[in-house]
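Have the sequence and the 3D view ready, and follow along.

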Amino acid sequence: MRISALSSLGFLQQPRTLRKIRLLANDDNPRVRAWVAIALGHFSALEPADPATSSVLDQLAADADPYVRDQATEARQRKPLRGTTSGRGEDPGSASP
């Protein structure tokens with residue numbers, strides 16, 4: 001049920017859900033933790049670098065489970081992290097509406 005909720009929240013990309021998504025980063029189930037990374041990765045086009053999200057992705061990138069680490073790494077590649085510039089037009093993979 002938590003994975004389904006994370007999938008939906010990531011797809012919807014509503015900034016108000018970020019805090020609730022990040023709270024599940026400490027879940028006992030590695031699949032849930034992986035889906036936290038996946039969901040956070042979907043926010044890359046909408047959210048500027050966010051220290052709290054970057055911190056969660058850093059934590060998940062160091063997870064004991066290899067699937068969680070892989071998903072966190074992929075999410076970090078889609079999301080500008082703290083310490084990077086986040087000006088408009090810097091992401092060549094994003095299209096303008």
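Helices (H or I, at least four residues) and strands (E, at least two) are DSSP runs, numbered from the N terminus.

A word on ground rules. This is a predicted model, where local features need pLDDT of at least 70 and side-chain atom pairs count only at pLDDT 80 or more, while totals for chains, interfaces and linings use all residues. Residues are numbered from 1 along each chain as its sequence is written, and side-chain values use heavy atoms, with hydrogens and water left out.

**Inside and outside**

Buried means under 20% relative accessible area, exposed means over 50%, and partly exposed is in between (1.4 Å probe, protein chains only). Of the chain's 97 residues, 34% count as buried.

Now find helix H4, residues 51–61: its buried residues are Thr53, Ser54, Val56, Leu57 and Leu60. They sit on the same side of H4, because they cover an arc of only 160 degrees around the axis; the arc is that of the directions from the helix axis to the C-beta atoms. Who does the covering?

| Helix covering H4's buried residues | Residues |
|---|---|
| H2 | 18–23 |
| H3 | 30–41 |
| H5 | 66–78 |

**The core**

A nonpolar core is a set of buried Ala, Val, Leu, Ile, Met, Phe, Trp, Tyr and Cys residues joined through side-chain atoms within 4.5 Å. The largest one has 15 residues, and Ile21, Val36, Ala37, Leu40, Val56 and Leu60 have the most contacts inside it. In soluble globular proteins, nonpolar side chains tend to be buried together.

**A look at Tyr67**

Tyr67 is found in helix H5. Is Tyr67 buried or partly exposed? It counts as partly exposed, because its relative accessibility is 29%. Leaving aside neighbours within four places in sequence, Tyr67 is in contact with Arg31, Ala34 and Ile38. The charged end of Arg31 sits over the ring of Tyr67, 4.5 Å from its centre; that label requires NZ of Lys or CZ of Arg within 6 Å of the ring centre and within 35 degrees of the ring normal. Tyr67 and Pro30 are 37 residues apart in sequence, yet 7.9 Å apart in space, C-alpha to C-alpha.

Notes. Contact = heavy atoms within 4.5 Å.
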